[in-house]
Amino acid sequence: MSLLMVCGFVTVTEGCHVSLVKPNAMAKTFYCLYSTALHCAGDVSFPGEIRIYSPFNDIVLPNNTVGFLVAKAYFPPGVPGEKILLEASHFMAVPGDPISETYELAIPDCVPPFVLGMGTVPSHPLMLADGTSRAFSVAVSDYVRDGKKTSTVQCVFEGSCTRWSRTPSPAVNSCVHFFGLMNGVAVNGSMSIMLESIVLNIGVLEASNMASSQVTSKQHKLSAFVDRAPALSMAPAGGSGSALSSDAAVVRGSEQMPVSESLASEPSFEVDGVHGPPAAEEEALSADGVANRLKSKGKDRHT
């Protein structure tokens with residue numbers, strides 16, 4: 001769980017088309033390579049090389065074209081002697097003619113490139129020479145130039161920024177997500193990142209916690225619960241069919257029986273010689289019905 005990305009305005013030059021055949025691939029993949037420079041705070045610059053996917057018939061950008069870059073990055077340990085490798089996913093070129101004197105008027109005042117990363121803190125934080133700023137190293141990796149490459153950067157809590165006064169330093173071997181500006185080379189030779197935002201103690205659920213949080217249902221041959229209500233279909237209007245479909249089922253206890261069978265098996269009753277289905281039981285045994293039957297029986301006896 002790691003990433004390292006760079007985004008910001010850069011100028012490209014010396015563009016060229018290249019092609020390669022990746023392992024286990026039959027066709028060629030075409031790219032454009034550009035040389036660039038990453039300008040950090042404090043007038044420090046680092047050489048870089050941008051590679052971006054480009055079909056073979058694409059036009060190479062002219063020298064000194066400015067654009068907004070979004071790329072995965074690899075900071076080699078020999079920075080600034082070695083080039084920073086940038087695997088670009090997007091490069092939005094500023095429209096216009098780069099040789100025009102008015103070309104740069106449309107370009108916003110550029111700040112140093114932003115760096116976005118997530119990785120592991122391998123060592124304890126340290127206090128910088130100013131006595132107020134804190135720094136810690138982060139090991140980050142990403143897929144660059146057809147392989148996973150690991151970089152080490154140094155993130156800095158700037159002491160003059162009061163927002164970091166109560167922010168704790170990350171623990172050793174913890175995972176952090178950070179966002180900041182390229183700030184030059186650190187004392188240990190790694191790239192320095194002036195923090196703008198950080199998330200501490202990023203992690204995932206342990207296997208035991210994940211297992212306990214999952215709800216498993218055991219399949220029983222006979223269940224005391226209904227998984228879902230039986231589907232009942234109504235007879236068409238004016239039809240003589242039953243209101244319940246013959247495919248429907250009535251649940252009774254732990255067994256199911258077809259509706260037609262359940263209706264036929266319902267117990268009947270007899271009140272004063274009147275035989276009828278259970279649906280008429282309430283009406284037959286109502287208070288008015290019983291009183292009327294008793295009166296009629298009394299009249300019959302007197303006669």
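**Second pocket**

I looked up the lining of the second largest pocket and found that strands E1 (3-20) and E2 (29-40) each supply at least two of its residues. Strands here are DSSP runs of at least two residues, numbered from the N terminus. The model is predicted, so I kept to its limits: local features need pLDDT of at least 70, side-chain atom pairs count only at pLDDT 80 or more, and totals for chains, interfaces and linings use all residues. Residues are numbered from 1 along each chain as its sequence is written, and side-chain values use heavy atoms, with hydrogens and water left out.

A pocket is an open set of points on a 1 Å grid over the protein atoms alone, where a 1.4 Å probe fits, with protein on both sides within 12 Å along at least five of seven lines; lining residues have an atom within 4 Å of a point. I noted a volume of about 260 Å³ for the second largest pocket, volume being the space filled by probe spheres set on the points. Of its 13 lining residues, Phe9, Val10, Thr11, His39 and Cys110 are the closest to the centre.

**Salt bridges**

I found four salt bridges (side-chain nitrogen of Lys or Arg within 4 Å of a carboxyl oxygen of Asp or Glu). Glutamate 87 pairs with arginine 51 at 2.8 Å, N to O; glutamate 87 is in strand E5 and arginine 51 in strand E3, 36 residues apart. Arginine 145 also bridges to glutamate 87, with closest N and O atoms 2.8 Å apart. I checked that arginine 145 and glutamate 87 are buried (under 20% relative accessible area, 1.4 Å probe, protein chains only). Shared partners join Glu49, Arg51, Glu87, Arg145 and Asp146 into one network.

Notes. Helix = DSSP H or I, 4+ residues; strand = E, 2+ residues; numbered from the N terminus. Buried < 20%, exposed > 50% of the residue type's maximum accessible area, 1.4 Å probe, protein only.
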